[in-house]
Amino acid sequence: MRPRLLSRMSGALLVLFLGLFFVPMELPGLDSGTAFAAEAVAADAVVEVSPYQPAPNLVEKDYPTFLGFNGRIFVWIAAQLHLWFAAFVLAVPIFVFIIEAIGMKTRDKRYDNMAYEFIKVSLTAYSLTAIVGGLMTLGLLVFYPHVMAYMTSIFKETMIFYALLFFAESACLYIYYYGWHWLQGPFRKWVHLTIGLLLNAVGTVLMLLANSWLTFMMSPAGVDSAGVFNGQVWDAMHNFLWNPINLHRFVANIAYGGSIIGAYAAYKFLSARTPQEKAHYDWMGYNANFVAIAGLLPLPFAGYYLVAEIYAYSQQMGITLMGGIFAWLFIIQAVLIGTLFLSANYYLWCGLGRSEGGIRYYKYMKYLGFALVAAFLVWFTPHTLVLSNEELKALGGPYHKYLGPLGIMPAKNTAVNIMILMTYLSFLYYRRANKIATVNWVKAGNTAQIALFTMAIANIFFLGIYHGYFTNTVYKVAASIPQVLTTLTVIVMSTVIDSMIYKNSTEVAPQRWGRVPPRSQYALFLLAVSFTWLMGLMGYIRSGIRQHWHVVDVFRDNSPDAFTPSLGYATNVISVATIMFMAMVIFVFWLAQISGQKTDAAGFWKE
Amino acid sequence: MKIPRLLQAILVLAGVYGGFVLVFDVILEQVIPSSLLNMYMFFVVAGTYMVFTFNEESTEEIVAPIKALVEDPSKKMMRNVVFLVVPLFFGWFTFQQMKPSFEAPLELRTIHPAPPSAVKVYGKRYNLLTLENPFRKFEKEDPEKFAELVRQGGAVYIKNCQYCHGDKLDGKGPYAQGLNPVPLNFQDIGTIAQLQEAYLFWRITTGGPGLPKEATPWLSAMPVWENFLSEDEVWKVILFLYDYTGYSPRSWEHE
Amino acid sequence: MKQFLAVIGFSLLTIAGFAGFSNYGIPRIEPAPPPVQEKIDLSAMTMDQFISLGERVLNGKGTCKLCHNELGRAPLLEQIIPNTEKRLADAKYKGEAHDLEGYILESMVNPSAYVVAGFGKSGSNDTVSPMPDVSGGSIGLTEPELLAVIAYLQDSGGAEVTVEIPTDAGDAAAEEVTAEEREPLEDPLEIAAEFGCGACHIIGEDEGDIGPDLTKIGATRDRDYLRRAILYPNAEIAEGFEADIMPDDLGDTMFAVEVERLAEYLASLK
């Protein structure tokens, strides 16, 4: 067959699999037709007893103890480790797929090699995901048998489906990885890419299934107030918070995967001996950081959407989340997110040094730095200020006339949009660093971009200040959406204009990969560690807002550990879990390293 | 004359710090809380570090004097002084931080504690998640009646609430000075403008004693208005609070 | 190795920094402990309390008094104790109970085991009871609640209380009877079931024969009439039926939306 036809056919194959991606999403619902029939049956037998039991009302002795283990901490850490690994393992194939596709398009072998190296790292992580996942399940079975029994009675179909999908996931991953070098060439590469897509599809469905279980516990659906299940799995899955969590996790996974790979590349860079190696890992780190930032930018929006939905689901849960003791958690979160943004920007700035052309832009960085820090300080200002008695007296009360208004959402939305725009601007400078535009409308293009940014920033401020402080709350919430849209529009339009300006541009001097200070690599570590810790923190609050419920308002937690842990206690657990995770990740990286090493053992084997 | 980079960085930090103090404490006359200023400065330091060290040239300029201080034999005197002064400074700082003082410990109240899902007042149970102001609908349906209700709410307010919360609803009533925590300032964007009416109903009817533990210490002098006002009066006074301040109660469009 | 240690050290410092800030940088607040659950602890209950629980169930959640009242829709419960012996010996008796306690329980979960003459479903010649199994469906009494009802009936009827308080305190049972806490129902048939309409009327799958047949009521009555008939049943009495049978307190116990939904549903039955 002619290669051209072949590639067409394989393209069609790819589209077909894309379609398949959406099929499994329909499956767990067992479609609405059967649901309707079942309803009719239920109506027929009004008095008939439901085959499902109400949620049990447990007492302390229903929670087994085992060798003095604290069941909650055991499950907590196991679940957190599982989540970290799973996030990594789900995210890496997403951008490996993208990088592989870029490599196919540009026919640049470096991309293919890098994609292969990424997937190699995720392979060992995959088995660790399964191990800690098993540990978590065992922990739940040992320490929370009744909870598991109740959840299983509702989700049994999806749980079996989940287990079966794991076979599909493993098969795809193994073929994708072990067949990498085998499936090269015009047609075979398409097949390989298709397997990559399938791998992502299966992985995403797995995540959606697992998400439905935990969101059911937060916003139960398909059960009555006593916890009697109506028999429709789809109702229970498609609960109020399912999609907000799905979106948030999907985006966060990508950012997280990028940051871990970035740390891997940074470590390899620091321990590299040859300039080639240094160049390779510098380039790899840059790409990983790019992925992490790309995921990081939309993340605040996804988070805002999630919180808005939590409020819409229950004001009580919303205020527990944002106004009660957890309010201070968001101050910690603000510190961490600030750290992420600052270190990502710092890494980009350091990268200016890779090319001679970057020097032109050095002088602008201080303005970016100023805007970033200023926006961050607003983002960080708490709603409830910690005041000493003296300050309390001086202020005449706990309200600060000028700092108080910075404590509420409109100010923070404005700040985060500015931070995102500044980060994008850092990236834009980096992108331009080594290029000289050759088109004759450079000036006009630049003016357009400056106008675009100025208008966007003015608009964000206007929306934040006017709608945030001078109109009522409905607009206050609603104003965040045009703000986000402004930011996204600027990013898209500016990218388009910029890529047109720099079409056919010439280089100032060759890009010198590997010429970055070691400090920049530590920014990558900071990114990865902060991200990991932050995910742990947010996991605690997501679970913590359920308070003393296994399933909110339906299934009460009567174990001795039903209390909500204080922030200090929780962060200590998170820190320990982070260290455990790091140790395992180092093991994974080390395996990836030794797998490529050969020891000459001449004289050991008989010749 | 070009200012050395290291000095520039130090001047930036000192300038920002002084700026905060000057703007808030002197010009605006609203002191900046020291806990907040410390955190602000931490991130200003981080930002300054970033700006001054992202490229090699600048980093070397910054590091050079420090390196020279440690390594240059001609700077022995200076080195000895710095090595003595810096630890002493930190010692003094730590001592200041740790030494016992007579200041009362910090009290931290959560101003808007999470409400319970239901509250029992007037012998009935109210589901706070769905509870709405029965009079709110007249705002559109019958503006005249609404205005009358607001007026009645205002009368209730003046008779009962203004002694503490003030006749301008700014938390500065005649008795406000004697209270800690101080009465809520309804004109502040961070108070009723952020809350649903059901929340206000809960806070008014159950008062200070009805606060959950996270809002402790229970020093709030807010009376349990359930005992003094009728249900309708509470709802009317809520109408008045929003009407007078010009805020709208928080509402969520459902899907 | 030096690089490795430096990286580890840096990461540990970062974590320590975050943990330190969380522990010391922000105010330390202990979250409130979980609220004490308002459940009835059966193990700590005296018999008197248990009996009074039975009374509450009888008047509240069990909806027993809807029919077992002076209006003669169902036998008076005071009759049960003096008549039990006779009924158990009756040839019509189809159950397996041997004593008072067993009989009362059976009459609640399997009402057709013995139908008091004149109280059976119409056309069944007193072989089928119109009463639902109160342990299931919309009433859904739990086992401790059933036992509490028995205890109350035994006590109030002057018989010896033979029921023992269940020791299984962890059972999902015996929640406070909280009628006012419920949410309005959506489905008109559920509303009808909740208020026991089917005990007297033909509605849905229920075939009561004390009140008018509702299966085609919409053909002859409009929504306003039906609403009034629910709220003020004695305002107008359908031909061939008696006044003062239907409870006139539905307006107090139903949500307004439920009245509307039910009226709308009935009006649509043509």
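How do the axes of helix 9 and helix 12 of chain A cross, and within what distance do they come? The sections below take up this pair, then the other chains.

## The model

This is a predicted model. Its scores are ipTM 0.80 and pTM 0.69.

## Two helices of chain A

Helix 9 of chain A covers residues 275-296, and helix 12 of chain A covers residues 327-351. Their axes come within 11 Å. They cross at roughly 140°. An angle over 145 degrees would count as roughly antiparallel. Helix 9 of chain A and helix 12 of chain A are therefore oblique to each other. The crossing is left-handed.

Which residues of the two helices meet? Helix 9 of chain A brings Tyr286(A), Asn289(A), Ala292(A), Ile293(A) and Leu296(A). Helix 12 of chain A brings Leu340(A), Ala344(A), Tyr347(A) and Gly351(A). By class, this contact of helix 9 with helix 12 of chain A has 7 nonpolar residues and 2 polar ones. It has no charged residues.

## Where chain C touches chain A

Chain C puts 31 residues in contact with 43 residues of chain A. On the chain C side, helix 1 (2-25) and helix 6 (188-194) each supply at least two residues. Helix 1 of chain C gives the largest share, 11 residues.

What classes of residue make up the side of chain C that touches chain A? They divide into 16 nonpolar, 10 polar and 5 charged.

## A helix pair inside chain C

Helix 2 of chain C spans residues 47-59, and helix 5 of chain C spans residues 143-156. The two axes come within 7 Å and cross at roughly 100°. Angles of 65 to 115 degrees count as roughly perpendicular. Helix 2 of chain C and helix 5 of chain C are therefore roughly perpendicular to each other.

From helix 2 of chain C, the contact takes Phe50(C), Ile51(C), Leu53(C), Gly54(C), Glu55(C), Val57(C) and Leu58(C). From helix 5 of chain C, it takes Glu145(C), Ala148(C), Val149(C), Ala151(C), Tyr152(C) and Asp155(C). The residues of this contact of helix 2 with helix 5 of chain C divide into 9 nonpolar, 1 polar and 3 charged.

## A hairpin in chain B

Strand 1 of chain B (residues 118-121) and strand 2 of chain B (residues 124-127) run antiparallel. They are joined by 4 bridges. Ala118(B) has Asn127(B) in strand 2 as its bridge partner. Val121(B) stands opposite Lys124(B) in strand 2.

The two strands of chain B form a hairpin, with 2 residues between them. Tyr122(B) lies in the turn and has a positive phi of about 50°.

## Confidence by chain

Chain B has an average pLDDT of 83, and 91% of its residues score at least 70. Which elements of chain B have the lowest and the highest mean pLDDT? Strand 2 of chain B, in the hairpin, has the lowest at 76. Helix 4 of chain B (residues 76-98) has the highest at 91.

Chain C has a mean pLDDT of 77, and 84% of its residues reach 70 or more. Over residues 169-180 of chain C, the pLDDT is below 50. Beyond near neighbours in sequence, this stretch of chain C has 32 contacts in the model.

How values were computed:
Residues numbered from 1 in each chain as written. Chains lettered and ligands numbered in written order. Predicted model: local features only at pLDDT ≥ 70, side-chain atom pairs only at ≥ 80, totals over all residues. Pairing = 2+ DSSP bridges. pLDDT = per-residue confidence, 0-100. Axes fitted to C-alpha atoms, helices over the stretch in contact; angles between N-to-C directions. Parallel < 35°, antiparallel > 145°, perpendicular 65-115°, else oblique. Left-handed = near helix turned anticlockwise from the far one by under 90°. Contact = placed C-beta atoms within 7 Å. Nonpolar A, V, L, I, M, F, W, Y, C, P; charged D, E, K, R; others polar.
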